[in-house]
Amino acid sequence: MVDNISFTDIYMDQETVDDVADVLDSGRYVKGPVLEQFESEFATASEVDHAVGVSNGTAALLLAMKAIGIGPGDEVFAPAHTYFATVSPVLELDAAPRFVDVDPDRYTMDPAQLREKIRAAEDPAAIVVTHMHGQPADMDPITDIAAEYDLPVVEDAAQAHLAEYDGQVVGSIGDVGCFSFYPTKNMTVGGDGGMITTDDPAIADEARALRNHGRNEEGKHVVLGLNYRLDEIKAAVGRHQLDALPDWSEGRQRAAGAYDERLANVDWLVTPASYDNAEHVYHHYPVQVPADERSAFRAHLDDHVVDTGIHYDRAVHEQPAVRDRVGSVDAPVAEEYCRRTVSLPMHPQLSTEEIDHVVDAIRSFEVDA
Ligand SMILES: Cc1ncc(COP(=O)(O)O)c(C=O)c1O
């Protein structure tokens, strides 16, 4: 008998707890040495020169965009299928999001449509890509287009810690990378947290100032910044999670491989694509089912003690807070995808028995022809 199969799971070991206790004992809770260590280790793992810890992934995106100079009226090209927070900072800065549809297999920004939309733009300023569900976006054509039009690239890697594209770690490919450590992510800090990665010292300095009231090294408030700091306790947790992350990514890839194999001949369901030049880290394992069967499918899995999620139930431009500000958007692939997608349980410790149980539950669902 299998217990409820949870959608995701979080792991904390005793060493993490001990290090948190040490920080508590130290009395040094912000702007301390543990954050510096975490930043340096995260920079090394991400193969960049600088990593700047911030309070969450949304702050990482906001500060990264500010640091590259995005401001009112700037056109920022973003995928139509992503989490809301890829785009809310664009709106917060009074810049203009320009939605680009996604590739129907990769579910990340479609480079051909990106090129068309940039060609038609009046004031193109930047490209934001999301490595969605842990699948790296198709960065070669995107960075070619960025170079051609001289546009900076922000990578939203909130769902893709240590994923690789052509042997390069995500967050190191564009001008600046943004990560989230929200508890359900592939690694967490035991609460909200985020990181900005870059090789550009000017972007790193600006982001460091912006997260700390706009103060520079000499203590002067040189830009208008607020408080977006990452504290010492969270950095202590993050260091251990980062250490464990390569093993956890392998665990996710193993689980995804098992799903791929067992679901290959279920002809009414589409499993995620994989590519030789990309190392997917499976933050989610989304399958596509017939849109009008999705609720019944989820209820059926729920009856079989299998948790599922939806990421996400509508494209970003269809969200009420965005819809009125952007007008009509041509992104049918993203819209359709959002109606068909269901995320299956995915975490590093998912056992073969649990995967078999999920697959048996899926196979026992009767699809109306
Ligand atoms: C793709 C993406 N971008 C940005 C964010 C925002 O991160 P946070 O929740 O840490 O602010 C998330 C996660 O929630 C995300 O999945």
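Helices here are DSSP runs of H or I with at least four residues, numbered from the N terminus. The model is a predicted one, in which local features need pLDDT of at least 70 and side-chain atom pairs count only at pLDDT 80 or more, while totals for chains, interfaces and linings use all residues. Residues are numbered from 1 along each chain as its sequence is written, and side-chain values use heavy atoms, with hydrogens and water left out.

**View 1. The shell around the ligand.** Helix α3 (residues 57–67) gives the largest share of this shell, three residues. Of the 14 residues around the ligand (a heavy atom within 4 Å), Gly-57, Thr-58, Asp-156, Ser-180 and Lys-185 come nearest. By class, the shell holds five nonpolar, seven polar (Gly among them) and two charged residues (Asp, Glu, Lys or Arg).

View 2. Let's look at pairs of N or O atoms within 3.5 Å. A polar side-chain atom of Asp-156 lies 2.7 Å from a ligand nitrogen. Of the 380 Å² of accessible area (Shrake-Rupley, 1.4 Å probe) that the ligand has on its own, the protein covers 93%.

**View 3. The largest cavity.** A cavity is a set of points on a 1 Å grid over the protein atoms alone where a 1.4 Å probe fits but cannot get out; lining residues have an atom within 4 Å of a point. The largest has a volume (the space filled by probe spheres set on the points) of about 80 Å³. Its lining has 14 residues, with Asp-9, Ile-10, Lys-185, Asn-186 and Trp-248 nearest the centre.

Note on methods:
Polar contact = N/O pair within 3.5 Å; in protein donor to acceptor, adjacent residues only side chain to side chain. Helix = DSSP H or I, 4+ residues; strand = E, 2+ residues; numbered from the N terminus. 1 Å grid on protein atoms, 1.4 Å probe; cavity = no way out; pocket = protein on both sides within 12 Å on 5 of 7 lines; lining within 4 Å.
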